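Hello,

Here is the structure I promised to pass on. Please look at it first, then read my notes below.

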Amino acid sequence: SGVHMLRFSATTGQDATVYRPLLCLVLQGAKEVGTQAKTLRVGDGQSLLVSHALPVVSRITEAARDRPYVALVLPLDMDLLRALAPDVTAALGASAQDAFSISLCATDPEMEDALLRYLRQCEREDAHRLLAPITRREIHARLLMGPHAEPLQKLLWHETSASRIFQATRAIQSDLSRPLAVGDLARRAAMSSSAFFEHFKAVTGTSPLQYQKELRLLHA
């Protein structure tokens, strides 16, 4: 199904990893996720959406043998989101919102219901072939219509700074051995170097050079 269930019966130390675009529903317990710029606490009944590939440090903060940490993680299909986006009413408000590429909100009950149906459909071969693709499309549509709509729409609409930074992060990931030329990335994003640096740090929580360095360390 592409969905992962995570379970920890004890708290953990800090773990460094790269989050790809994903939706994480914390069903029980709590964890902390963050970068150098910001740390978020995610508790049961909350969901976390990551819109860019992002080096993060996380740790389980609430877990016990009789009440373990449990979370559901769904990788996002960016191509499917792009295909659905034109049919969704724009959710972008006039006020400036936090550009950070991790968003946190209360879990939508309708999203929980769709995910539960999806998991059940993946248990049977015929339902997996016929129904699961429809429900998977529904799940992605609900992301564009629900509490996480704004950061996703910022990413998917091509004229936004978030979508330009997304392309820049993709370029950095494509060849980690290549020396990073921030000026070239800024020109490709149609921004000045100072504006590119500011937007990049707002979205990823770190500078372009530090972003590449952390990816190199995790890759090694």
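How much accessible surface does the protein chain have, and what share of it belongs to carbon and sulfur atoms? The accessible surface is about 11400 Å². Carbon and sulfur atoms account for 51% of it. Bear in mind that this is a predicted model.

Overall form comes next. The C-alpha trace spans about 50 × 45 × 35 Å along its principal axes. The radius of gyration of the protein chain is 18 Å. A compact globule of 220 residues would have one near 17 Å, so the chain agrees with that expectation. Of the 220 residues, 45% count as buried.

Now the fold. The protein chain has 9 helices and 9 strands. Take the contacts between residues at least 6 apart in sequence: 77% of them join residues at least 24 apart.

Helix α6 covers residues 161-174, and helix α8 covers residues 193-204. Their axes come within 10 Å and cross at roughly 85°. Angles of 65 to 115 degrees count as roughly perpendicular, so α6 is roughly perpendicular to α8. On the α6 side, the contact is made by Ser161, Ala162, Ile165, Ala168, Thr169 and Ile172. On the α8 side, Phe196, His199, Phe200, Val203 and Thr204 take part. What kinds of residues make up the contact of α6 with α8? They divide into 7 nonpolar and 4 polar, with no charged residues.

Best wishes

Terms used. Residues numbered from 1 in each chain as written. Predicted model: local features only at pLDDT ≥ 70, side-chain atom pairs only at ≥ 80, totals over all residues. Heavy atoms only, no water. Axes fitted to C-alpha atoms, helices over the stretch in contact; angles between N-to-C directions. Helix = DSSP H or I, 4+ residues; strand = E, 2+ residues; numbered from the N terminus. Parallel < 35°, antiparallel > 145°, perpendicular 65-115°, else oblique. Contact = heavy atoms within 4.5 Å. Nonpolar A, V, L, I, M, F, W, Y, C, P; charged D, E, K, R; others polar. Rg over C-alpha atoms; globule rule 2.2 N^0.38 Å. Buried < 20%, exposed > 50% of the residue type's maximum accessible area, 1.4 Å probe, protein only. Areas by Shrake-Rupley, 256 points an atom, 1.4 Å probe, with all protein chains shown as cover.
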